[in-house]
Amino acid sequence: MGYITSELLEETGYVVLDSYDQPIDPKEWLDIEYVDWKSSGDTRFAPLASAKGEIECNGFWNHKPPRTDKDGVWIDSQTEIAPTLTARAKEPGSNVGRCRVIELQPNTYADALYNLHQDDNNRLNPDGTGWVVRSFFNLTDDKDSFFVLRHNRTDPSGETRIALPAGAQLVIDTQRLWHAAAHFGDEPRYCLITSWESGPELDAYLEKYHARKHVDSVEVPQDVLDAGQAEQSRRIAAREAALRARGQQEKLAMSEA
């Protein structure tokens with residue numbers, strides 16, 4: 001039967017929407033409660049919706065009964081502080097799974113390449129239902145930062161780098177694409193991440209905000225790209241060697257983040 005998917009995501013695996021141009025009080029992401037949850041760098045997460053409405057970030061399949069990343073339970077103590085963010089997550093009218101704000105500390109392009117990962121959005125997702133994708137709404141004005149997307153973790157050919165100013169809005173099939181953010185500067189980056197179920201509601205939302213499936217990559221000097229690729233290779237090799245010494249193997253499976 002297969003899953004219900006969004007046609008706009010089929011070609012590239014991502015779309016960029018119109019920039020969000022309405023003001024939001026930073027208190028909505030600064031005053032909510034965060035938990036120490038590592039994913040793709042030095043991060044914390046503040047959940048707005050979780051498996052059982054608790055302030056935690058675990059995959060829904062790790063709860064009892066286990067289930068896929070759908071039917072998230074909104075956390076009143078968080079959503080009361082962040083009503084605008086909550087409304088943005090609910091706007092498409094599609095099923096919402098996990099919804100949270102990520103706080104990412106500054107890193108480098110090489111860090112982003114080493115941290116590239118895929119998400120395990122559709123574990124336990126029943127065949128014939130909507131494929132789960134993720135939206136990324138950048139909250140802070142990170143004009144020099146960018147999202148890195150690859151079809152293959154270690155292959156730079158076809159890499160897409162998407163700019164992350166305040167208001168940038170992306171929807172990505174993060175189970176298909178390897179992804180991570182290169183975030184420069186002195187302050188953390190904040191971004192609202194929501195799991196959405198594909199279907200007619202999401203399709204209408206993407207159309208409403210003029211989803212583009214091709215954007216020009218952020219320009220980065222070639223020597224920086226080359227150095228980042230070399231450093232990624234070095235770090236992966238070093239990790240593999242360390243794991244072999246312990247009789248283990250690197251886990252390239254999808255992230256639970």
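This is a predicted model: local features need pLDDT of at least 70, side-chain atom pairs count only at pLDDT 80 or more; totals for chains, interfaces and linings use all residues.
**Notebook: sheets, cores and salt bridges**

I started at Val-101, which touches Trp-29, Ile-32, Tyr-34, Arg-44, Phe-45, Ala-46, Leu-85, Leu-139, Tyr-190, Cys-191 and Leu-192, leaving out residues up to four places away in sequence.

**Entry 1, the cores.** Next I looked up the nonpolar core around Val-101. The largest one has 29 residues, and Val-101 is listed among those with the most contacts inside it, along with Val-15, Trp-29, Leu-85, Val-171, Leu-192 and Leu-206. At least two residues of this core come from each of E2, H3, E4, E5, E10 and H5. Apart from it I found another core, of 18 residues, including Val-16, Leu-104, Phe-147 and Ile-162. General reminder: nonpolar side chains tend to be buried together in soluble globular proteins.

**Entry 2, the 7-stranded sheet.** What is the strand order here? I read E1-E8-E5-E10-E4-E2-E3, an open sheet with antiparallel pairing. E1 (14-16) and E3 (73-74) are the edge strands, each pairing on one side only. I then checked how E2 (residues 43-50) meets E4 (residues 96-104): 6 bridges join these antiparallel strands. One pairing I wrote down is Pro-47 with its bridge partner Arg-100 in E4.

Helix H5 (residues 200-208) lies across E1, E5, E8 and E10, at about 135° to E10.

**Entry 3, the 3-stranded sheet.** I also found an open sheet in the order E7-E6-E9, again with antiparallel pairing. Its edges are E7 (160-164) and E9 (178-182), each with pairing on one side only. From one strand to the next the twist averages 25°. E6 (residues 142-150) is joined to E7 by 5 bridges, and the two run antiparallel. Leu-149 has Thr-160 in E7 as its bridge partner.

What does its side chain reach? It makes a polar contact with the side chain of Arg-44 at 2.8 Å, and another with the side chain of Tyr-190 at 2.6 Å. Skipping neighbours within four places in sequence, I listed Tyr-34, Asp-42, Thr-43, Arg-44, Pro-188, Arg-189 and Tyr-190 as contacts of Glu-103.

Arg-44 and Glu-103 also form a salt bridge, with the closest N and O atoms 2.8 Å apart. The pair links distant parts of the chain, Arg-44 being in E2 and Glu-103 in E4, 59 residues apart. Arg-44 counts as partly exposed because its relative accessibility is 32%.

Lys-208 is in helix H5 and Glu-91 in the loop between H3 and E4, so parts 117 residues apart in sequence are tied together. Glu-91 is partly exposed, at 36% relative accessibility.

Definitions and conventions. Residues are numbered from 1 along each chain as its sequence is written. Side-chain values use heavy atoms; hydrogens and water are left out. Two strands pair if DSSP finds at least two bridges between them. Helices (H or I, at least four residues) and strands (E, at least two) are DSSP runs, numbered from the N terminus. Contact means heavy atoms within 4.5 Å. Axes are lines fitted to C-alpha atoms, for helices over the stretch in contact, and angles run from 0 to 180 degrees between N-to-C directions. A nonpolar core is a set of buried Ala, Val, Leu, Ile, Met, Phe, Trp, Tyr and Cys residues joined through side-chain atoms within 4.5 Å. Buried means under 20% relative accessible area, exposed over 50%, partly exposed in between (1.4 Å probe, protein chains only). A polar contact is a pair of N or O atoms within 3.5 Å; within protein, one must be able to donate a hydrogen and the other to accept it, and residues adjacent in sequence count only if both atoms are side-chain atoms. A salt bridge is a side-chain nitrogen of Lys or Arg within 4 Å of a carboxyl oxygen of Asp or Glu.
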